[in-house]
Structures are given as structure tokens and as C-alpha cells.
Amino acid sequence: MWRWLHPYAKPEATYRLNKKLLPWFAIPGVVILTIGMIWGLAFAPPDYQQGESYRIIFVHVPSAFWAMGFYMGMAIAALSAVVWQIRTAEWAILAIAPVGAVLTLISLFTGAVWGKPMWGTWWEWDARLTAQLILFFLYLGVMALYAAFEDERTGAKAAGILALIGVINIPIIHYSVYWWNTLHQQSTITQAITRFEKPSMAPEMLWPLLVSILGFLLVSSALVILRLNNEILKREVRRPWAQTLLLKENR
Amino acid sequence: MNPRRKKRLAVIGSIVGAVAIATALVLYALSQNIDLFYTPSEIVEGKGSEQTLPEIGQRLRVGGLVVPGTVERLGDSLHVAFRLVGSGEAEVIVEYEGVLPDLFREGQGIVAQGVLVAPNRIVATEVLARHDEEYMPPALAKELKGIEHVPPSQSGYGQSDYKNNKGGN
């Protein structure tokens, strides 16, 4: 595995791989996300108790799911950056953090908008909601720390350590609804895929939700790939490989 | 792995490990305070290993299921009273004046915030609905669970003047 991974420590190799991967994420991503959204928002049946309002789940669950997923991705990049001191990994932290922060913000916002008509409140300091808010602040903290130092590599190291410590919050978010009693209900997805005899969601609702989750993953990944390539180019623009590449592309 | 990387991995590993243990201890120590609400049996029988009872006059939240057949309206007003039950047998009575959330119904989970006025009686200032993680179309819900959801504004809860929810039984 290391032999296979090693070439990508070189920014040039990562840049070329990203260029190749981007269309495979961007195009299916947009198509699948559109299908998922239209299917969920227009064609899935209404819920027996929440009526049409439950449809916000098709945005809320995917964004919350990948807010945590991309945090784990960022933490893996941070580990490579701190231990192996690979520059490309440092830039990957910077590429992922804003995307993850926006996903977290979407989940918090849709959660509030959903909570008002259904629960009767925009916000409640219950364990799940609070832990997700902390996730948002962790993303912001990583970005702020990265930019806070004169020397960029020092900033990357500090941000990487914060990102790794923040991993502790991820199981807390997931298990908060099981460890403590909360206003937020337990996980629909976990129950839907682990309990076949008594599914927590009717299949005609579950399928568009799974499609939306896949769509969110692909589109967000495409954004991360784009951002990472930008970061690479920004720092390597004076290198010969970047110069020849840019000349070739602008011809 | 060369020794310098090994050392960095060990250092970052111990930092994360130490913070994780610290967080776990803090959360464990605070676990009773992190709970958003008391369950009915925690109010009646006490909470935690020491069975501490909440005091009369204490502001608290209680969460449980609305006991079917206990929702009563006071005359033609917005005053309602109903009983809540948790996993145990203990029940508490909740009094509330205000608009109930649309998801409120008998058998539904709710969280009420208010003041404990008697050992098993709460005068609530806010009632929130707490739905479960199950989603299904109306027809399936009727078939599987026998539930047909009617928002509280359209259901005629009996105007029985708190006959059954009087006093602190």
C-alpha cells in the first residue's frame, strides 16, 4: 500500500490524479444529487405524522452524515501531515475544512428549520445538537489556526493537531442519542441498514435518501478535489512542472 | 517507519489519547446533567444510583409518552392536562396552557419544561414533541402500527375539566 501511495506525496502526482478524478466525481455527483433531490422532495410519499415537512431529511441527513465523514477524511490528512510531514497532506486539510464546515452549517440550519414546525423549537441544548455545533467550531478552529501563523508549516502542524484531537467529538455526536436522553431522535440510517425485519423507514423513502447521501458525497468530494488542486497550484506555481503545465493549458 | 516519524506518531497518539480520557471522564461526571430531561420514573422514584428526587418548585424538563386516554381540556380553553409514562410504570401529570405542537397525540413522545408543583405534577411552560426515528407513508403506518395521526388542533380532546388528572394521586 505504501509503495502505491508514495508517489502522491509529490504535489505534481496528486495534481495529475485529481485532474483525472474530477470528472468522475463532478458529473455523476451532479446527476445523482439532482435525482436524489427531485425523487425525495417531489416523489417520495409524505410521512404519516410529519406530512410533507419530513422531506427536509433529504438534505439534513446527507449533510450531517458527510459533515462527520469529511471530518474523518480531514483527520487522516492531518495524521499524514503531522507524522509524515507531507506538504500535500497539509494542503488537503485546508481543502477539506471549508467544505466540511459548510456541510455542518447546512445540517445545523436544516435541523433548526425542521425542528421549529415538528418539535416546536428552533434549538435546544441537547447533547446531539450541541455536539454538532462543536463540530462546526472545530472546523472553524482548524481553518483559523492554519492561518494564524507567520510560517505556514507551523500553522498546518497546529491545525493538524487540533483536527486530530477533534476526532473525539465524532463518536460523541453519533452516540449522543444513545448515551443520554435527547430531544433528537435516534439514527434512522443505522436502524434502516441493521434491522431488516422491522425497517425504520419505508423503502420508497429510504431509497431517495440513500441516493441523496451518495450525491452529497460525490459533489462534496468534487469540491475538495478542486480546492486541493487550487492549493497545490497556488504554492507550486513557480515550479517547472507547474509552469509547463500552465503554458500547455493556456495555449 | 523511521525513528523520528515513530516518535511524532507516539506524541500525537498520546496527546489525543489523553484528551480522549479527559473528555470521557468529564462527560461521565456530567452525564446526569447532559440528559435533557427527567423520565417520569426518575421524578417519582429518584434519579441515578442515589435515587435523588427532584425538589418541589424545581424547574425541570420531563420526557415520556402521552398516556392514551388521559388528555383532557379544561372547558373551551387552551388548558390541557395529560399523563406521561416512561419505560417504567410511574406516571406524572403535566398541566399546560398553550398551543400544542402539531406532532402531539396520545402515545406520542413529548418533552415538557416547567415547574414541579407536587411530587408527580408539573405545570409546563413549553411542550415539545419528540418523534421517533421511523418514517412511513400514512397507509403503512395505519396497517403496521394502527396509528392515524391527527394534529391536536383537529382532535376533540374531551372537555372533562381535569376529572381524571386532579390532585396528586
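**Close-up views of the chain A and chain B model**

**View 1. The interface of chain A and chain B.** Together, chain A and chain B bury about 3,800 Å², with 61% of it on carbon and sulfur atoms. On the chain A side, the residues that lose the most area to chain B are Y48(A), Q49(A) and N181(A), together 22% of what that side buries. The contact draws on 44 residues from chain A and 41 residues from chain B. Please keep in mind as you look around that this is a predicted model.

**View 2. What chain A brings to the contact.** Helical elements of chain A that each supply at least two residues to the side touching chain B are α3 (57-84), α4 (87-118), α6 (152-166), α8 (188-194) and α9 (203-236). The largest share comes from α3(A), with five residues. Sorted by class, the side of chain A that touches chain B holds 24 nonpolar, 14 polar and six charged residues.

**View 3. Strand β3(B) and its cover.** Now we turn to chain B, where strand β3 spans residues 79-85. Is this strand mostly covered or mostly open? It is mostly covered, as six of its seven residues are buried. In a regular strand, side chains alternate between the two faces of the sheet.

**View 4. β3(B) with β1(B) and β2(B).** Strand β1 of chain B (residues 59-66) pairs with β3(B) in the antiparallel sense over two bridges. Look for V66(B), which stands opposite L84(B) in β3(B). Strand β2 of chain B (residues 72-73) also runs antiparallel to β3(B), joined by two bridges. Which residue of β3(B) is the bridge partner of R73(B)? That partner is V80(B). Between β2(B) and β3(B) lie five residues of a hairpin, and G75(B) in the turn has a positive phi of about 55 degrees.

**View 5. β3(B) with β4(B).** How many bridges join β3(B) to strand β4 of chain B (residues 91-97)? There are seven, and the two strands run antiparallel. A handy landmark for this pairing is H79(B), which stands opposite E97(B) in β4(B). β3(B) and β4(B) form a hairpin, with five residues between them.

Conventions: Residues are numbered from 1 along each chain as its sequence is written. Chains are lettered from A and ligands numbered from 1 in the order in which they are written. This is a predicted model: local features need pLDDT of at least 70, side-chain atom pairs count only at pLDDT 80 or more; totals for chains, interfaces and linings use all residues. Side-chain values use heavy atoms; hydrogens and water are left out. Contact means heavy atoms within 4.5 Å. Buried area is the accessible area (1.4 Å probe) that two parts lose on being put together, summed over both. Helices (H or I, at least four residues) and strands (E, at least two) are DSSP runs, numbered from the N terminus. Ala, Val, Leu, Ile, Met, Phe, Trp, Tyr, Cys and Pro count as nonpolar, Asp, Glu, Lys and Arg as charged, and the others, Gly among them, as polar. Buried means under 20% relative accessible area, exposed over 50%, partly exposed in between (1.4 Å probe, protein chains only). Two strands pair if DSSP finds at least two bridges between them.
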